[in-house]
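Reader: Please take a close look at one part, the charged side chains and their contacts. Then go on to the other local features.

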Amino acid sequence: MMEETKLLQWSVIRSLLAILQWWAFNVTVIIMNKWIFQKLDFKFPLSVSCIHFICSAIGAYLMIKVFKVKPLITVDPEDRWRRIFPMSFVFCINIVLGNVSLRYIPVSFMQTIKSFTPATTVVLQWLVWRKYFDWRIWASLVPIVGGILLTSVTELSFNMLGFCAALFGCLATSTKTILAESLLHGYKFDSINTVYYMAPFATMILAVPAMLLEGNGVLEWLHTHESLGSSLIIIFSSGVLAFCLNFSIFYVIHSTTAVTFNVAGNLKVAVAVLISWLIFRNPISGLNAVGCAVTLVGCTFYGYVRHLLSQQPPGTPTPRTPRTPRTPLNRMELLPLVNDKLDDKV
């Protein structure tokens, strides 16, 4: 009995440590990216994304090939181009849109909009794939949509480009999640193997546009910016931390339950909003804060409803209930390259 109690206590402590280190990496990456755009005046989201991809590709290679933290999941050469490449393209767009939104809008507003992802995922599956959902799923989306609308209307630092980038980022995340179910069928990717295969493709896709669209601006910044050494350290450190975030996601998924992961993910958004406000002091109205809170409550309720539906026995008469796994171990929506809530990419 004593041993069981100790094991239970250690399990709780391990889960708590996993969540805390996940929060730390996630919030740090978000804040660093915003700091790069706002304080360092490095206003080049494509280049920042490219640096993240390069650092993540190198980190995944070291973890799998050198330190052998995870075994390499073998993928057929044909499947790399037929399955992995399309996923990498959507994956790349998702990350870039997240960084573009951070370039123009506050962290608090960006994180709230990204919480719209569950709604876009359900609507896309319903419209395009004709997938039917239990009425409780639709009901759980009401506070999410309402909170987003209230936050958008009352945002004091509203920027249309940043807003659209964050919104289309939600669509990209939903598309990636849905495509993963068909394109990656048969492959059980963890977050490290996901980065190992997708980050090189994402770098290849983004490198040329980044050089063409931002190359001259980056060169000018390198020649004119003061404290160049420390600034470059911050920029490349954000790339290293972006990879560390993937490793922390791998750890937290294997240390917590689906419900705990969902609640922790929503609390993480609240922590990110609070810390970003303390650092950048962007104006937040009372109604704006209420909208953010309503959105987070809605996301938590949505996750709880999906969990309840996933626990129902196979014979339970719920023909319009989406198939939801008991745990999110192999769900691509929980394996972002960098920040994000579940799919929150920065």
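**A close look at the charged contacts**

Author: Arg-82 counts as partly exposed, because its relative accessibility is 46%. The cut-offs are these: buried is under 20% relative accessible area, exposed is over 50%, and partly exposed is in between, with a 1.4 Å probe and protein chains only. The model is predicted, so local features need pLDDT of at least 70 and side-chain atom pairs count only at pLDDT 80 or more, while totals for chains, interfaces and linings use all residues. Residues are numbered from 1 along each chain as its sequence is written, and side-chain values use heavy atoms, with hydrogens and water left out.

Start with the partners of Arg-82. Glu-78 forms a salt bridge with Arg-82, and the closest N and O atoms are 3.7 Å apart. The term stands for a side-chain nitrogen of Lys or Arg within 4 Å of a carboxyl oxygen of Asp or Glu. Both residues lie in helix H3, four residues apart, about one turn of the helix. Helices here are DSSP runs (H or I, at least four residues), as are strands (E, at least two), and they are numbered from the N terminus. Glu-78 is exposed, because its relative accessible area is 56%.

Arg-82 also meets Asp-79 in a salt bridge, at 2.7 Å from N to O. About one helical turn separates Arg-82 and Asp-79, because they are three residues apart in H3. With a relative accessible area of 7%, Asp-79 is buried.

Asp-79 has another partner: its side chain meets that of Arg-83 in a salt bridge, 3.7 Å from N to O. These two are four residues apart in H3, so about one helical turn separates them. Arg-83 and Asp-79 are both buried. Taken together, Glu-78, Asp-79, Arg-82 and Arg-83 are linked in a network of salt bridges. The whole structure holds six salt bridges.

Now the nonpolar surface. Ile-54, Ile-58, Tyr-61, Leu-62, Val-66, Phe-67 and Val-69 form a patch, with about 630 Å² of accessible area together. Patch residues have over 30% relative accessible area and no salt bridge; like charges are joined within 9 Å, and nonpolar side chains (Val, Leu, Ile, Met, Phe, Trp, Tyr) within 5 Å. Areas come from the Shrake-Rupley method with a 1.4 Å probe, and for residues only the protein chains shown count as cover. Val-69 lies in the loop between helix H2 (45–66) and helix H3 (77–104). Val-69 counts as partly exposed, because its relative accessibility is 37%.

Most residues other than glycine have a negative phi. Arg-130 has a positive phi, near 55°. Arg-130 sits in the loop between helix H5 (117–127) and helix H6 (135–154). A relative accessible area of 60% makes Arg-130 exposed. Ser-227 is not a glycine either, yet its phi is positive, at about 55°. Ser-227 is in the loop between H8 and H9. Ser-227 is exposed, because its relative accessible area is 53%.
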